[in-house]
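Work through these exercises with the sequence and the model side by side. Try each task before reading its solution.

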Amino acid sequence: MYSEFACIVDYLIDNYSKDKFLLYMKKLTMNNDIDKIFKQIFVLDYNDFLLNFRKSVEENDTIKMTHDTTGNSMMYKKLPEQQVIQGL
């Protein structure tokens, strides 16, 4: 779960900017309407974002999906040196 969250954060920052991500996090501390805030900041419905993110993961050779021993989905990011670090 943590590795998936890290990949999503990386994707948001890479595609929408660190400033927008930080603004999103700040607004979440003031209001708990996650979907509304997400749409205000990123001008995209959260479910549409997830579809785009999943498509990006499938097309991107540096992010791989796998499953742990309990069957939970996991993602990891391959480094340019072909090293794999869990949790990125």
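Helices (H or I, at least four residues) and strands (E, at least two) are DSSP runs, numbered from the N terminus. This is a predicted model: local features need pLDDT of at least 70, side-chain atom pairs count only at pLDDT 80 or more, and totals for chains, interfaces and linings use all residues. Residues are numbered from 1 along each chain as its sequence is written, and side-chain values use heavy atoms, with hydrogens and water left out.

**Exercise 1.** Find the buried residues of helix α3 and say how they are placed around its axis.

Solution. Start with the cut-offs: buried means under 20% relative accessible area, exposed over 50%, partly exposed in between (1.4 Å probe, protein chains only). Helix α3 spans residues 34-42, and its buried residues are I37, F38, I41 and F42. They cover an arc of only 105° around the axis, so they sit on the same side of α3. The arc is taken over the directions from the helix axis to the C-beta atoms. An α-helix has 3.6 residues a turn, so residues three or four places apart point the same way.

**Exercise 2.** Describe how α2 packs against α3.

Solution. Take the geometry. Helix α2 (residues 18-28) packs on α3 at an angle of about 150°, with the axes 10 Å apart. Axes are lines fitted to C-alpha atoms, for helices over the stretch in contact, and angles run from 0 to 180 degrees between N-to-C directions. That angle makes α2 roughly antiparallel to α3 (the term applies over 145 degrees).

Next, take the contacts (heavy atoms within 4.5 Å). From α2, K20, F21, L23, Y24, K27 and L28 meet I34, I37, F38, Q40, I41 and F42 of α3. These residues divide into 9 nonpolar, 1 polar and 2 charged. Here Ala, Val, Leu, Ile, Met, Phe, Trp, Tyr, Cys and Pro count as nonpolar, Asp, Glu, Lys and Arg as charged, and the others, Gly among them, as polar.

**Exercise 3.** Is V43 buried or exposed? What is its phi?

Solution. Locate V43: it lies in the loop between α3 and α4 (46-59). At 67% relative accessibility, V43 is exposed. Its phi is positive, about 50°, although V43 is not a glycine. Most residues other than glycine have a negative phi.

Notes
Parallel < 35°, antiparallel > 145°, perpendicular 65-115°, else oblique.
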